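Take a look at the model below.

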Amino acid sequence: DHYVEIRMEFEKLHKKLTEGHEDDEGSIHEESADWNKIWQGFIDFLSHPRLKWRHDALLVQIRFHELRVHFLKANDLPLKFKLSDYLKRSELNVLEKLVHVSTFAWLLLCGAVNLLYFTMGIVAYVSDNDELVGTFMTSVFFASLCAFVVISLIIFHKITRAFRRIVYSKLIDECSFPVADSLDSLRRTSNQDQLDLFWGRDPNLIIGGVQFMQFGFAIAISAVIIFFDSINKGNIPAERYLIAVAIAYSAFVAVMARVIPKYTLCTSLGQLVNKSRLHETKAIFHLQEARRNQRILRDVKKQEEQFMLEYSRHEEKNSFNESEKTNRSFFWISKERQ
């Protein structure tokens with residue numbers, strides 16, 4: 001069994017990595033979200049980079065296998081059902097939400113722009129010094145970039161903790177009540193424990209925050225391009241502004257690349273299973289299985305026909321040989337009599 005081999009290799013690597021640790025991480029089923037174990041993981045990566053990389057890769061496969069088993073059992077699905085197909089459809093839905101800007105993101109953007117404009121007006125009115133206003137704007141620019149990176153890391157930590165709670169608190173096994181097709185209608189149901197893992201009991205706030213930060217980076221890069229010549233007249237060259245935006249946005253994209261898959265898992269499993277999307281995936285699965293069975297039946301039938309054809313040819317050949325032998329025997333008998 002491939003899973004058994006992966007599990008045995010993981011246990012060996014886990015034992016090697018945890019040798020000499022004062023606080024062993026123990027089983028992979030334990031919740032380990034404290035900063036001490038995060039720091040210990042970082043130390044393990046520095047001391048045994050290849051071993052740690054292989055350990056984490058195997059851990060992902062083991063967790064996904066166990067997650068799949070729980071999901072199939074909770075939703076009464078066949079063992080051949082591909083959970084990855086359902087999660088891909090769910091992730092596409094999340095990406096569509098990111099493309100279509102939400103009302104919450106627009107409100108955040110309008111509030112931030114108005115606050116910045118109001119603060120600039122106060123600084124310009126009090127100081128009446130263009131250099132001080134420019135310094136204030138520069139500080140706001142770099143502080144905003146740093147704030148976006150920090151907020152993205154906070155979102156990553158929040159989603160990671162939420163996913164661990166879903167797995168370790170057995171929320172992934174809960175699918176006994178009628179699950180709604182949208183989060184808004186789900187809030188009107190009685191079982192809402194999984195929503196408590198998100199800020200304001202609303203997962204869409206994270207999507208709105210990500211959209212707002214995307215707006216922030218777009219405004220930052222556009223402001224540098226538009227006022228490129230004016231910025232070059234200051235103490236900091238405009239190229240450094242562009243480099244700062246590129247570095248901050250690269251860090252933001254790297255973090256979001258890990259946030260979106262976990263966000264998809266947190267909003268598509270357990271109590272938040274989207275029944276309509278699951279039924280569509282299940283219908284496609286049964287259709288593919290039916291087509292595969294038809295192809296197998298056609299191949300089997302074709303093989304049977306080919307076998308029967310070969311068998312009939314072999315029988316004809318044998319009958320012809322028998323008739324030849326009979327004729328020869330008659331010939332020799334008649335010749336002997338003569």
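A residue is called buried when its relative accessible area is under 20%, exposed when over 50%, and partly exposed in between, using a 1.4 Å probe and protein chains only. Phe217 is buried, at 3% relative accessible area. Phe252 is buried too, at 2%.

Two notes on reading what follows. This is a predicted model, in which local features need pLDDT of at least 70, side-chain atom pairs count only at pLDDT 80 or more, and totals for chains, interfaces and linings use all residues. Residues are numbered from 1 along each chain as its sequence is written, and side-chain values use heavy atoms, with hydrogens and water left out.

Now the rings. Rings of Phe, Tyr and Trp (its six-membered ring) pair if their centres lie within 6.5 Å; planes under 30 degrees apart are stacked, over 60 edge-to-face, and the rest tilted. The structure holds 11 aromatic pairs. One of them joins Phe141 and Phe142. Phe141 counts as buried, because its relative accessibility is 13%. Phe142 counts as partly exposed, at 26%.

Why is the pair of Phe217 and Phe252 called tilted? The ring centres are 5.3 Å apart and the planes stand at 45°, so the pair is tilted. Helices are DSSP runs (H or I, at least four residues), numbered from the N terminus. Phe217 lies in helix H8 (residues 204-226) and Phe252 in helix H10 (residues 238-266), so this pair ties together parts 35 residues apart in sequence. Phe217 and Phe252 also belong to a cluster, linked by ring pairs, with Phe148, Phe212 and Tyr249.

How confident is the predictor? pLDDT gives its confidence in each residue, from 0 to 100. The protein chain has a mean pLDDT of 79, and 80% of its residues reach 70 or more. Over residues 176-192, the pLDDT is below 50. That stretch has 28 contacts (heavy atoms within 4.5 Å) beyond near neighbours in sequence. Where pLDDT is low, the predicted coordinates should not be read in detail.

Last, helix H2 (residues 35-47). Phe45 is found there. Is Phe45 buried or partly exposed? Phe45 is partly exposed, because its relative accessible area is 43%.

Note on methods
Helices (H or I, at least four residues) and strands (E, at least two) are DSSP runs, numbered from the N terminus. pLDDT is the predictor's confidence in each residue, from 0 to 100.
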